[in-house]
Amino acid sequence: MAGINAHLKTRNEAPFVLKRSEAYIGVLIDDLINKGTEEPYRMFTSRAEFRTLLRQDNADLRLTERSFEMGLASSQRMEKVNKKKNGVEQIKSILKELPIDPEDINHLLEEKGSAPLMHRQRAHQILLRPAIDIFSMMEKVEKVKRSLEGFEKEILEQAEIQVKYEVYIDKENELVKRMGQLEDMVIPDTFDYTKLISLSAEARQKFTKIKPRTLGQASRISGVNPSDVQILMVYMGR
């Protein structure tokens with residue numbers, strides 16, 4: 001990050017900044033800048049508010065385009081990522097439209113200890129079951145195998161992850177959006193933090209003492225956890 005920004009500065013270009021929702025290095029840098037270094041800093045995953053988005057499996061999807069824009073990633077690498085993105089969307093679309101009859105999949109569900117189907121369901125809905133994975137469906141259900149033939153293993157795995165965690169991913173993306181909207185939201189001077197029993201004792205004490213003017217300022221107080229900021233954000237957003 002230092003090298004990238006040194007290069008951009010010599011070219012009088014805008015600095016390269018990764019948000020807390022884009023990368024763990026973004027969390028680390030934001031913490032060090034805004035919270036200071038009065039005590040030793042370790043980059044724990046618990047310091048990040050958006051851990052569902054900052055997964056190891058989607059690092060290429062999150063960061064390759066940003067890298068390509070600066071000339072760090074090759075066009076071949078960018079093409080590979082675009083192929084992966086398009087493939088994932090195609091698979092998700094296929095699964096949402098593909099009907100599965102009970103007689104086609106009940107043998108697999110029984111094998112996996114999952115309740116049998118009573119009526120036809122979409123493949124997408126069946127894949128949401130904890131015991132079911134996309135590769136066993138392709139192996140045991142001919143209709144699924146035919147529909148997903150030709151997709152690489154890596155693309156199939158990413159599609160499965162996105163399907164299974166879709167609700168949580170959407171919820172976290174909405175939280176990112178709300179956090180951006182509420183970053184400059186003013187907190188009344190008379191706000192009573194003792195009403196928020198879900199806050200940690202340290203956060204409640206520091207909020208009461210410091211009386212942050214905005215939600216953004218509250219998030220940068222040393223000792224305040226991301227979960228405390230989320231609780232305050234949700235309450236302020238009501």
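Visitor: At what angle do helix 3 and helix 4 pack, and how far apart are their axes?

Guide: In this predicted model, where local features need pLDDT of at least 70 and side-chain atom pairs count only at pLDDT 80 or more, totals for chains, interfaces and linings use all residues. Residues are numbered from 1 along each chain as its sequence is written, and side-chain values use heavy atoms, with hydrogens and water left out. Helix 3 and helix 4 pack at an angle of about 145 degrees, and their axes lie 10 Å apart. Axes are lines fitted to C-alpha atoms, for helices over the stretch in contact, with angles from 0 to 180 degrees between N-to-C directions; helices (H or I, at least four residues) and strands (E, at least two) are DSSP runs numbered from the N terminus.

Visitor: Which residues of helix 3 and helix 4 meet?

Guide: Contact means heavy atoms within 4.5 Å. From helix 3 come Asp60, Leu61, Thr64, Glu65 and Phe68, and these meet Ser75, Arg77, Met78, Val81, Lys84 and Lys85 of helix 4.

Visitor: How many salt bridges are there?

Guide: Side chains of opposite charge can pair when their charged atoms come close. With a salt bridge taken as a side-chain nitrogen of Lys or Arg within 4 Å of a carboxyl oxygen of Asp or Glu, the count comes to 17. One of them joins glutamate 49 to arginine 20, whose closest N and O atoms are 3.0 Å apart. This pair links distant parts of the chain, 29 residues apart, with glutamate 49 in the loop between helix 2 (24–35) and helix 3 (59–69) and arginine 20 in the loop between helix 1 (2–10) and helix 2. Arg20 and Glu49 also belong, together with Asp30 and Asp31, to a network of salt bridges.

Visitor: Are glutamate 49 and arginine 20 buried or exposed?

Guide: Buried means under 20% relative accessible area, exposed over 50%, and partly exposed in between (1.4 Å probe, protein chains only). Glutamate 49 and arginine 20 are both buried.

Visitor: Which residue forms a salt bridge with lysine 84?

Guide: Glutamate 154 does, at 3.2 Å from N to O. Glutamate 154 lies in helix 9 (residues 153–164) and lysine 84 in helix 4 (residues 75–97), 70 residues apart, so that this pair too links distant parts of the chain.

Visitor: What separates glutamate 89 from lysine 92 in helix 4?

Guide: Because they are three residues apart in helix 4, about one helical turn separates them, and their side chains meet in a salt bridge of 3.5 Å, N to O. Glutamate 89 is partly exposed at 47% relative accessibility, while lysine 92 is buried at 12%.

Visitor: Which residues touch the most other members of the largest nonpolar core?

Guide: A nonpolar core is a set of buried Ala, Val, Leu, Ile, Met, Phe, Trp, Tyr and Cys residues joined through side-chain atoms within 4.5 Å. In the largest one, which has 24 residues, Ile91, Ile105, Met137 and Leu148 touch the most other members. Two or more residues come from each of helix 4, helix 5 (102–111), helix 6 (123–127), helix 7 (134–140), helix 8 (142–148) and helix 9, and helix 9 gives the most, with four. A second, separate core of 20 residues includes Tyr193, Leu215, Ala218 and Leu232.
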